[in-house]
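Me: Hi! I'm new to this one, could you walk me through it?
Reply: Happy to. Let's look at it together.

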Amino acid sequence: MRVIEYVTYIMISMTNLHTPVLLNQVLEILDPQVGQKYLDATAGLGGHAQAILERTQSPQEAVLVDQDATAIAVLEEKFPQATVVQTDFASAAQSLLDEGRQFDLILMDLGVSSPQLDRAERGFSFRYEGPLDMRMDQTAELSADQVVNTYTQVELERILYEFGEEPRARAVAAAIVAARPLRTTQELAAVVRRAAFRPKEIDAATKTFQAIRLAVNNELDTLAQTVPLMVELLVPGGKLVIISFHSLEDRIVKLYFDRETKSCICPPKQPICTCEHQPTLEKITRKPLVADASEIAFNPRARSAKLRAVEKINKNKRRDS
Ligand SMILES: C[S@@+](CC[C@H](N)C(=O)[O-])C[C@H]1O[C@@H](n2cnc3c(N)ncnc32)[C@H](O)[C@@H]1O
């Protein structure tokens, strides 16, 4: 096999390694129609995108974004007619706004893909021995190695507490600092397990790995900055679906959707409304949708997925009706 064929073979086989979560619910809510413009902010290996573009039949109108070079190679191969962009979704959204682009359907399926988690050399998982990396964008400067080996104990404690909700953040941060240098995922996991809170149902290293990953990729700040931009990118009547995988992400999405669907955002005890806030969104999902038992049995990653969806208010339609 020539190198190019081998690379293509690896890329195509990788596309089957990530099962899109809550796919039926995404399709039901977005209800893609022929000719609609689709923005996938976290296109990954294109599982959701493929199902959606089969329905819109307009890949030339689609923009597929991911910050991971491996995902981009797969997307370019799979969707030659679409615009595939390698960047973080905050920058992508700002550029698209600057270009005056608008979309009917937008999806953000947050977090990491299965190949990112399952490839030891990416350093995301304590199940495999790998370098302390955890960068979604392989060219980013900050890696888990720097966080683990150069951050102060106080900074580490804050990260573990805020992003990992680790009750023993202080003890874990102290243990990490005492054990430096730590170079691999399993070295880190072993140190953390000795110091961390030990919940019955998950590995004691889980919260620390989540916290460091969120810090390395600046995931929460980027999400909070991007959700309003995604709403701006919607045409009136356009739909935004966001799938999150832990409570901190979901909280950011929930609070923004709650605020933007209300006609008053004054403090609850204020007797008269003075805010003149205008809702920009209508909720499609009152409560977050979650995977059912059969999906979780088939795809355990779906266990923690929460889907929230909104539609941008079409002000003209409201006045007429
Ligand atoms: C759960 S996967 C998406 C899977 C995809 N929906 C599919 O069906 O194949 C999340 C993807 O989002 C990407 N990602 C996460 N945060 C990002 C960000 N801030 N900017 C761009 N891509 C991001 C990750 O690199 C990963 O490939």
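**A first look around**

Reply: Buried residues make up 42% of the 321 residues in the protein chain. Keep in mind that this is a predicted model.

Me: Thanks! How many helices and strands does the protein chain have?
Reply: The protein chain has 15 helices and 7 strands.

Me: What about contacts along the chain?
Reply: Take the contacts between residues at least 6 apart in sequence: 64% of them join residues at least 24 apart.

Me: Switching topic, which residues are closest to the ligand?
Reply: The closest are P20, T42, G44, G47 and D109, and 22 residues surround the ligand in total. Two elements, α3 (47-56) and β2 (63-66), are the ones that give two or more residues to that shell.

Me: How many of the shell residues are nonpolar, polar or charged?
Reply: The shell around the ligand has 8 nonpolar, 10 polar and 4 charged residues.

Me: Let's stay with α3 for a moment. Which of its residues are buried?
Reply: In α3, the buried ones are G47, H48, A49, I52 and L53. G47 is also one of the residues closest to the ligand.

Me: What covers them?
Reply: The cover over the buried residues of α3 includes α2 (23-30), β1 (38-40), β2 and β4 (103-109).

Me: And what comes after α3?
Reply: Q57 follows α3, and its phi is positive, near 50°.

Me: Is D104 buried or exposed?
Reply: D104 counts as buried because it has 21 C-beta neighbours inside 10 Å, and the cut-off for buried is 20 or more.

Me: What is D104 in contact with?
Reply: Leaving aside neighbours within four places in sequence, D104 is in contact with Q36, K37, V235 and G238. As for Q33, it is 71 residues from D104 along the chain, and their C-alpha atoms are separated by 9.4 Å.

Me: OK, new topic: α11. How many of its residues are buried?
Reply: In helix α11 (residues 206-216), 10 of the 11 residues are buried, so the helix is largely enclosed by the rest of the structure. Among them are K207, F209, R213 and V216.

Me: What does the enclosing?
Reply: What covers the buried residues of α11 includes α7 (144-150), α8 (153-164), α9 (169-179), α10 (185-195) and α12. Just after α11, N218 takes a positive phi of about 50°.

Me: Which of its residues are buried?
Reply: In α13 they are E249, D250, I252, V253, Y256, F257 and E260. Seen down the axis of α13, these buried residues fall within an arc of 155°, so they line one face of the helix.

Me: And the face turned away from that side?
Reply: That face of α13 carries the exposed residues S247, L255 and D258. Over on the buried side, the cover includes α12 (219-233), β5 (234-244), β6 (281-283) and β7 (306-312).

Conventions: Residues numbered from 1 in each chain as written. Predicted model: local features only at pLDDT ≥ 70, side-chain atom pairs only at ≥ 80, totals over all residues. Near = placed C-beta within 6 Å. Helix = DSSP H or I, 4+ residues; strand = E, 2+ residues; numbered from the N terminus. Nonpolar A, V, L, I, M, F, W, Y, C, P; charged D, E, K, R; others polar. Buried ≥ 20, exposed ≤ 12 C-beta atoms within 10 Å, placed from the backbone. Arc of directions from axis to C-beta. Contact = placed C-beta atoms within 7 Å.
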